[in-house]
Amino acid sequence: MKDSPALEPGYFLDRLRAADPEVHAALAGELERQQDGIELIASENLVSRASLDALGSVIVNKTVEGRPGARYYGGAAFADRIESLAVERAKELFGCDFANVQPHSGSQANQAVFLALLQPGDVVLGMALDAGGHLSHGAAPNLTGKWFRPVRYGTDAAGLIDMAEVERLAREHRPKLLICGGSAYPRAIDFARFRRIADAAGAYLLADMAHFAGLVAGDAHPSPLPHAHVTTATTYKNLRGARGGLILTDDAALARKLDSAVFPGVQGSVILNAVAAKAVCLGEALKPSFRAYAAQVLANARALADTLMQRGIAVVAGGTDTPLLVADLRPLGLTGAAASDALEAAGLTCNKNVVPGDTQPPRVTSGLRFGSAAGTTRGFGEDEFRRIGGWIADVLHAMAAAGGARDEAVEQAVRADVRTLCRAFPIYPGLDTA
């Protein structure tokens, strides 16, 4: 074959290591970080090797707009097959009639719901950020907070949703949309009561189950779908798939509005390699083994919460019914920013997080959020999470004893223990970043 002057030698042959050593080195470093550290960020997980294959497949070359069977570009037969597989698997997994698998993220799924159901200036009633809500539920810095009129409900002294406040605010403000679910609320939600409140106010009910969708899929958590008009979810976190969002409903009329809100409303062409990986993870979640995984995620989160409380660390709402928990560091005199840096040095990655009544700025915070999904995927059980809880407590108590200063000796001792545990539960054996 004659070489084209426009084609670089090796374009279709060179692997990343040769083509771009700098990017290759960064990816190799990230693989090592994941292999030798414990991931406790609640919004992260470890995808299967099959999902990695889908993400790196040639479908990344294809561009489509529209829905399967109604595309604006030709050559879409295999793209249609992939997206249809993802849709059918999502419907089967969550027991719903309609699913849109195109949203690039949970936030964009929520934006599509806002576009489909609301007009600018409509009232939205959602959970306050310091109570565990999410930016895309009407927070001031977010588009949803700038174009709509947000009203916020919070939690009571026990850290539980103040349902009396939700009911009072719904009667007073008559929201067009009521939202339940959040990014840092650890307890089960009374979806049926939320629906009654929504109906009484003449509101749509949106359930955002991004942080417990995997537990719903695995029958380890109540499902919001029988109660909500619309449910959104993400496919990473505890569904342990590629990053992206889902929109689910049983209402045919709403489904048509939601499809149009996704495209052309808030998105353009479909990220097909992500949709292919979504199809893979949804297929994995339909397997019987996923039920055991979901149950273990919950058991591990509770083991971690119990261990922290036994070691004198305050846990918001006194525990968890989900894959996440939030530690309140105010009794220790620590900030989330400083504590998360110390834990990362010890090989334990988590994120700083606001807590109810927090007076620290968002870049500092008074809390930490932990999740059990990634560690469970790795093979950790309750015994391992109790050890992890002990290591977290060691680092935090050492800081508290030093008036907030970091104790590098404790961090390094924990880091060594973390590395030993991780090497007993290897991930991606033999994986080459190419």
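Student: Is the crossing of helix H4 and helix H11 left-handed or right-handed?

Tutor: In this predicted model, the axes of H4 (residues 77–94) and H11 (residues 272–285) come within 8 Å and cross at roughly 35°. As for the sense in which the two helices cross, the crossing of H4 and H11 is left-handed.

Student: Which residues in H11 are met by residues of H4, and how many residues of the contact are nonpolar?

Tutor: From H4, the residues taking part are Ala79, Ile82, Glu83, Ala86, Arg89, Ala90 and Leu93, and in H11 they meet Leu272, Val275, Ala276, Ala279, Val280, Leu282, Gly283 and Ala285. Sorted by class, the contact of H4 with H11 has one polar residue, two charged residues and, for the class you asked about, nonpolar residues numbering 12.

Student: With which residue does Glu83 form a salt bridge, and is Glu83 buried or exposed?

Tutor: The salt-bridge partner of Glu83 is Arg71, and the closest N and O atoms of the pair are 2.8 Å apart. Because Glu83 lies in helix H4 while Arg71 lies in strand E3 (residues 70–71), the pair ties together parts that are 12 residues apart in sequence. Arg71 has a relative accessibility of 15% and therefore counts as buried. Glu83 has a relative accessibility of 0%, and since residues under 20% are classed as buried, Glu83 too counts as buried.

Student: What is the relative accessible area of Glu411, which forms a salt bridge with Arg406?

Tutor: In this salt bridge, the closest N and O atoms of Arg406 and Glu411 are 2.9 Å apart. Arg406 counts as partly exposed, at 42% relative accessibility, whereas Glu411 is buried, with a relative accessible area of 2%.

Student: How many residues apart in sequence are the parts that Arg193 and Glu167 tie together?

Tutor: Arg193 and Glu167 form a salt bridge in which the closest N and O atoms are 3.3 Å apart. Arg193 lies in helix H8 (residues 191–201) and Glu167 in helix H7 (residues 163–173), so the separation in sequence of the parts they tie together is 26 residues.

Conventions
Residues numbered from 1 in each chain as written. Predicted model: local features only at pLDDT ≥ 70, side-chain atom pairs only at ≥ 80, totals over all residues. Heavy atoms only, no water. Axes fitted to C-alpha atoms, helices over the stretch in contact; angles between N-to-C directions. Helix = DSSP H or I, 4+ residues; strand = E, 2+ residues; numbered from the N terminus. Left-handed = near helix turned anticlockwise from the far one by under 90°. Contact = heavy atoms within 4.5 Å. Nonpolar A, V, L, I, M, F, W, Y, C, P; charged D, E, K, R; others polar. Salt bridge = Lys/Arg side-chain N within 4 Å of Asp/Glu carboxyl O. Buried < 20%, exposed > 50% of the residue type's maximum accessible area, 1.4 Å probe, protein only.
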